[in-house]
Amino acid sequence: MDELKIEMRDMEEKADDEAKKQKNNQLAKKDVIATYENMSPKNAALIFAELKEDKAVAMLKQFKASTRTAILEKMDPKVAARYTTLLTDQIDE
């Protein structure tokens, strides 16, 4: 019985640790998004052009539409079109 209690406590601690980790990850993502939202669209577009597509698209999805629009407007049209295609492909899924 004591072994079960210890095992249950360990499982609860692991679950709590995982929940804290997920919360911290969400806060970190929000912080990164806020950083780019406060950056000039031109500078953000230059950085986005250097990111891996999947990361860039995942971040673009998190922005307000006005921020996303401003960044896409400052990108090379071919890159902006590619990212837009990837964004819309994910909507269709």
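Partly exposed means a relative accessible area between the buried class, under 20%, and the exposed class, over 50%. This is a predicted model, and the tour visits its salt bridges, of which the structure holds 3.

**First stop: Glu53 and Arg82**

Select Glu53 and Arg82 and show their side chains. The two form a salt bridge, with the closest N and O atoms 3.1 Å apart. Glu53 lies in helix H3 (residues 53-62) and Arg82 in helix H5 (residues 77-92), so this pair ties together parts that are 29 residues apart in sequence. Now colour by accessibility. Glu53 has a relative accessible area of 33%, which is why it counts as partly exposed. Arg82, at 40%, is partly exposed too.

**Second stop: Arg9 and Glu13**

Move to helix H1, which spans residues 2-38. Select Glu13 and Arg9, which both lie in this helix, 4 residues apart, about one turn of the helix. Their side chains meet in a salt bridge, at 3.6 Å from N to O. Glu13 is partly exposed, with a relative accessible area of 41%. For Arg9 the relative accessibility is 44%, so Arg9 also counts as partly exposed.

**Last view**

Which residues does the network of salt bridges link? Display Arg9, Asp10 and Glu13 together: these are the residues linked in the network.

Terms used. Residues numbered from 1 in each chain as written. Predicted model: local features only at pLDDT ≥ 70, side-chain atom pairs only at ≥ 80, totals over all residues. Heavy atoms only, no water. Salt bridge = Lys/Arg side-chain N within 4 Å of Asp/Glu carboxyl O. Buried < 20%, exposed > 50% of the residue type's maximum accessible area, 1.4 Å probe, protein only. Helix = DSSP H or I, 4+ residues; strand = E, 2+ residues; numbered from the N terminus.
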